[in-house]
Amino acid sequence: MITPMPVVVLISGSGSNLQAIMDACASGKINARVCAVISNKPGAYGLERAKAAGIPTHCIDHTLFSNRDSFEAALSQCIDDYAPGLIALAGFMRILGTAFIERYQGRMLNIHPSLLPHFPGLNTHQRVLDAKHHYHGCTVHFVTQELDGGPPIAFSKLEVNSPETAETLASRVLVLEHKLYPTVISLFAEKRLYMEDNIAILDGEPLHAPIDITQIQTRKIS
Ligand code: GRF
């Protein structure tokens, strides 16, 4: 058994994905430990979740910095103090700059509430409804310079119901997120997943398209 990988989780809000990651670590489903949680929003409920789990928390409020570079310098200093093997963005609602992304390239993951490459950016649930797509879901990808466009790793999908609202879709997708993110983090922590030449590699095979979580489960690689 290799030493649990230290993971820093960045949040901006409720932190339900953070909770799923902490729970999976605590139950031994992921060979990792959340070593710190950092929020850019002072009131983020995720900070309370982390405190309740005895995990160090930090708030680095972006509004107190005069520009993106100084905010990100403070953020990376805080992250680097923990020497994490992985930085997991979990509802972290700030666009990150070039130098910051470069610094953590290959060890920073994000979960996005859509089936990428469809619907990068915000308001994904309403946009899915407006576009009358029949399927929706979430995707975990490596973070690169392209917003929500880094190498996708895995997705989980659902069928859009009728009737459905952006709110019902958001809560149904969140349930999928809570399973998908820990599953992908587990693969990364076991070093079965990494990024090379801007492609995600899983068990030695390049992922030219993201893998369905059900395939991960049936292949018994989670
Ligand atoms: C999730 O839907 C995530 O995909 C998106 O923001 C939401 C965060 O939810 N980027 P939570 O804070 O993890 O509850």
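The side chain of histidine 136 makes a polar contact with the side chain of histidine 125, at 2.8 Å. A polar contact is a pair of N or O atoms within 3.5 Å; within protein, one must be able to donate a hydrogen and the other to accept it, and residues adjacent in sequence count only if both atoms are side-chain atoms. The model is predicted, so local features need pLDDT of at least 70 and side-chain atom pairs count only at pLDDT 80 or more, while totals for chains, interfaces and linings use all residues. Residues are numbered from 1 along each chain as its sequence is written, and side-chain values use heavy atoms, with hydrogens and water left out.

Histidine 136 belongs to strand S6, residues 135-142. Helices (H or I, at least four residues) and strands (E, at least two) are DSSP runs, numbered from the N terminus. Histidine 136 counts as buried because its relative accessibility is 1%. Buried means under 20% relative accessible area, exposed over 50%, and partly exposed in between, with a 1.4 Å probe and protein chains only. Leaving aside neighbours within four places in sequence, histidine 136 has contacts that include Pro113, Leu115, His125, Lys157 and Val173; contact means heavy atoms within 4.5 Å.

Lysine 157 also has a place beside a ring: its charged end sits over the ring of tyrosine 135, 4.7 Å from the centre. For this, NZ of Lys or CZ of Arg must be within 6 Å of the ring centre and within 35 degrees of the ring normal.

Two loops hold cis peptide bonds. Proline 117 is in the loop between strand S5 (108-112) and helix H5 (124-130). Another cis peptide bond joins serine 162 and proline 163, with omega about 0 degrees, and proline 163 is in the loop between strand S7 (152-159) and helix H6 (166-189).

Most residues other than glycine have a negative phi, and most peptide bonds are trans. Asparagine 123 is not a glycine, yet has a positive phi of about 55 degrees. Asparagine 123 is in the loop between S5 and H5 and counts as exposed because its relative accessibility is 59%. Lysine 132, also not a glycine, has a positive phi of about 55 degrees. Its place is the loop between H5 and S6, and lysine 132 counts as exposed at 65% relative accessibility.

Three strands form an open sheet in the order S8-S9-S10, with antiparallel pairing. Strand S8 (193-196) and strand S10 (205-207) are the edge strands, each pairing on one side only. From one strand to the next, the twist averages 40 degrees; axes are lines fitted to C-alpha atoms, for helices over the stretch in contact, and angles run from 0 to 180 degrees between N-to-C directions. S8 and strand S9 (residues 199-202) run antiparallel and are joined by four bridges. Two strands pair if DSSP finds at least two bridges between them. Methionine 195 stands opposite alanine 200 in S9.

Serine 70 counts as partly exposed because its relative accessibility is 27%.
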